[in-house]
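Please look over the structure shown here before reading on.

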Amino acid sequence: MKKELYGLPYWVLISLFGLSMSACNQGGEGKELYKAYNKDKNDFLDDKEFYNAVAEEKYFDRWNQNGDRSLSEDEWSAGVNDYLGGYKVSTVEKFGEWDLNGDSQVSEEEFREGLFEVVDKDQNRQISQSEFTSWTKEGGGQGSRSGS
Ligand SMILES: [Ca+2]
Ligand SMILES: [Ca+2]
Ligand SMILES: [Ca+2]
């Protein structure tokens with residue numbers, strides 16, 4: 001028996017180990033979520049994949065404090081503050097741009113569309129991994145709301 005592991009010199013094994021470590025540290029949880037929802041394994045989330053992520057992770061429910069079917073302007077403002085604090089996109093700052101039918105409430109359909117447009121920073125209708133992970137880092141996944 002030779003002492004070399006799998007016949008590879010140690011420096012190769014060590015650099016492979018280093019590569020896998022650094023890959024794990026990029027994006028963390030957001031990256032895992034992105035992979036889980038990128039069903040067709042291409043390099044972006046389309047609108048259906050993103051809407052599925054929004055439904056599965058119950059983002060609408062987190063914003064919808066009184067548990068009815070839609071977000072009032074107050075619930076929406078609090079959600080933007082808690083979950084999109086790092087985003088300064090014009091669409092984030094205007095309730096009217098999320099309330100597509102103008103009834104002063106943001107429905108779940110309007111919510112996921114508004115959120116899609118915010119996360120899709122370059123507006124190409126595709127959520128890239130970096131767009132997704134930068135959103136989850138801003139609190140998209142967990143929120144900054146304290147448990148109190
Ligand atoms: Ca509500
Ligand atoms: Ca509406
Ligand atoms: Ca994009």
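Helices, of at least four residues, and strands, of at least two, are runs assigned by DSSP and numbered from the N terminus. In this predicted model, the chain holds eight helices and two strands, and when it is read along the sequence these elements follow the pattern α-α-α-α-β-α-α-β-α-α. Of the 148 residues in the chain, 22% are buried. Among the contacts between residues at least 6 apart in sequence, 60% join residues that are at least 24 apart.

**Helix 7 and its partner**

Helix 7 has 12 residues and reaches 16 Å from its first C-alpha to its last, which is close to the 16 Å expected at 1.5 Å a residue. Its buried residues are Glu 110, Phe 111, Arg 112, Gly 114, Leu 115, Val 118 and Val 119.

Two packed helices are described by the angle between their axes and the distance between the axes. Helix 3 (residues 47–56) and helix 7 (residues 108–119) pack at an angle of about 115°, and their axes are 10 Å apart; the crossing of these two helices is right-handed. On the side of helix 3, the contact is made by Asp 47, Phe 50, Tyr 51 and Val 54, while helix 7 contributes Arg 112, Leu 115 and Phe 116. Sorted by class, this contact has five nonpolar residues, two charged residues and no polar ones.

In soluble globular proteins, nonpolar side chains tend to be buried together. The largest nonpolar core here has 21 residues, of which Val 54, Phe 111, Leu 115, Val 119 and Phe 132 touch the most other members. The elements that give two or more residues to this core are helix 3, helix 4 (59–63), helix 5 (73–83), helix 7 and helix 8 (129–140), and the largest share, four residues, comes from helix 7. When its neighbours within four places in sequence are left aside, Leu 115 is in contact with Val 54 and Tyr 59.

Most residues other than glycine have a negative phi.

| Residue | Phi | Loop |
|---|---|---|
| Gln 123 | about 55° | between helix 7 and helix 8 |

Lys 41 counts as exposed because it has 6 C-beta neighbours inside 10 Å, and a residue is exposed if this number is 12 or fewer. Gln 123, with 9 other C-beta atoms within 10 Å, is therefore exposed as well.

Note on methods
Residues numbered from 1 in each chain as written. Chains lettered and ligands numbered in written order. Predicted model: local features only at pLDDT ≥ 70, side-chain atom pairs only at ≥ 80, totals over all residues. Axes fitted to C-alpha atoms, helices over the stretch in contact; angles between N-to-C directions. Left-handed = near helix turned anticlockwise from the far one by under 90°. Contact = placed C-beta atoms within 7 Å. Nonpolar A, V, L, I, M, F, W, Y, C, P; charged D, E, K, R; others polar. Expected span 1.5 Å × (residues − 1). Buried ≥ 20, exposed ≤ 12 C-beta atoms within 10 Å, placed from the backbone. Core = buried A, V, L, I, M, F, W, Y, C linked by C-beta atoms within 7 Å.
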